[in-house]
Amino acid sequence: MSRSNVNYSGIDFKNPVVLASGTCGFGNVLDEIFPIEKLGGISSKGITLKERAGNTGIRIWETSSGLMNSVGLENPSVDGFIDKYLDFINNKDLVNIVNLSGHSVDDYLKGIEKLNHQEVDIVELNISCPNVKEGGMNFGIKTEVARNLVRQVRSICDHKLVIKLSPNAEDIVELAKMCEEEGADGVSLVNTFLAMAIDIRKKKPVFDNVYAGLSGPAIKPIALRMVHQVSKAVDIPVMGMGGISTWEDAIEFLMAGAKVLQIGTATFKNPKIALDIIDGIEKYLEDNNIDSVEDIIGII
Ligand SMILES: Cc1cc2nc3c(=O)[nH]c(=O)nc-3n(C[C@H](O)[C@H](O)[C@H](O)COP(=O)(O)O)c2cc1C
């Protein structure tokens, strides 16, 4: 076992580095650039019961030190994912996290039922997507609305269940505590921050949906603060993300309490960034004579 090995709610990760949902597709394209088995895991693009074409208009917009997206959950549906991509991921030696979204409670439950029959390591329940009109983030703003969904999903979900939280929630700490009370195996945070850009020449919002999700280095200090607050408040393990772009950022998130890290936007600048981060963590542990990455998790 290497120093970087972590146990997340009974699931063994060879290292704590996972590619974040929506930034690595289903791993297949990235596998042409580097062997994705080097990663601790991947979180799939958010899938929904029915196929979605995604949003019209501009979908990606760069800001100073950040990225805004309004992809709108373009995906091949739960069945399409199972048919086309699941075997590919399961044949790789990494943790297979399936990110599931929905437009209604019923949608989520039907998606869970389909996944129950499949080999999946973790279901990451996305109650935090800001880019769809119905459902998505609406389930993740008010704790009691989220509780109703999490309770019903937990009662039928046979897999490990991690709830992906929105930084736009009314109270992210209260939301995480609720997930623990309802029997979730972990929480992951943060999804993107609701944001806006205006094209002053056209005198129109850049995005057809007006608002979009902000990610990348611009959100890192706020995401780090939220990961710290949540990990102090719950005993279930936290997956932390939001602007992680270097191995130093990764160590900060580990020290703040994240057991597993997800890397998103930084992969758009350098598709192999996760490999640098994995090596950087390992070297930091070696240089500081730390036997296990678990020894620095939550030390702050
Ligand atoms: C283009 C894009 C698509 C995304 N799609 C999803 C998604 O389908 N499901 C989800 O839970 N999060 C999605 N996210 C959010 C990321 O998984 C992550 O939570 C967020 O971007 C913060 O991490 P980062 O700053 O490292 O990118 C997406 C982010 C981006 C940039």
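# Burial, salt bridges and ligand contacts

Q: Is R147 buried or exposed?
A: This is a predicted model, in which local features need pLDDT of at least 70 and side-chain atom pairs count only at pLDDT 80 or more, while totals for chains, interfaces and linings use all residues. Residues are numbered from 1 along each chain as its sequence is written, and side-chain values use heavy atoms, with hydrogens and water left out. Buried means under 20% relative accessible area, exposed over 50%, and partly exposed in between (1.4 Å probe, protein chains only). Because its relative accessibility is 16%, R147 counts as buried.

Q: Which residue meets R147 in a salt bridge of 2.9 Å, N to O?
A: A salt bridge requires a side-chain nitrogen of Lys or Arg within 4 Å of a carboxyl oxygen of Asp or Glu. Helices (H or I, at least four residues) and strands (E, at least two) are DSSP runs, numbered from the N terminus. With a relative accessible area of 52%, the partner is exposed, and the side chain that meets R147 is that of E144.

Q: Which residue forms a salt bridge with R147 at 3.1 Å between the closest N and O atoms?
A: The partner in this salt bridge is E181. This pair links distant parts of the chain, 34 residues apart, with R147 in helix α4 and E181 in helix α5 (residues 172-181). Salt bridges with shared partners join E144, R147, R151, E181 and E182 into one network.

Q: How many residues apart are D106 and K110 in helix α3?
A: The structure holds 14 salt bridges, one of them between the side chains of D106 and K110 (2.8 Å, N to O). D106 is partly exposed at 42% relative accessible area, and K110 is also partly exposed, at 39%. Their spacing in helix α3 (residues 105-116) is about one helical turn, which means a separation in residues of 4.

Q: How much of the ligand's accessible area does the protein cover?
A: A residue is near a molecule or strand if one of its heavy atoms lies within 4 Å of it; of the 24 residues around the ligand, S21, K164, G216, G243 and T265 come nearest. Oxygen atoms of the ligand are 2.9 Å from a side-chain N or O atom of N99 and 2.8 Å from one of K164. A backbone N or O atom of G216 is 2.8 Å from a ligand oxygen. Of the 610 Å² of accessible area that the ligand has on its own, the protein covers 97%.

Q: Which residue has its side chain joined to that of T192 by a polar contact of 3.4 Å?
A: T192 is found in the loop between β10 (186-189) and β11, and is buried at 8% relative accessible area. A polar contact is a pair of N or O atoms within 3.5 Å; within protein, one must be able to donate a hydrogen and the other to accept it, and residues adjacent in sequence count only if both atoms are side-chain atoms. The side chain in contact with that of T192 belongs to N191.

Q: Which residue's backbone oxygen does the side chain of T267 reach?
A: T267 has its place in helix α8 (residues 266-269) and counts as buried at 7% relative accessibility. At 2.6 Å, its side chain reaches the backbone oxygen of G264.

Notes:
Areas by Shrake-Rupley, 256 points an atom, 1.4 Å probe, with all protein chains shown as cover.
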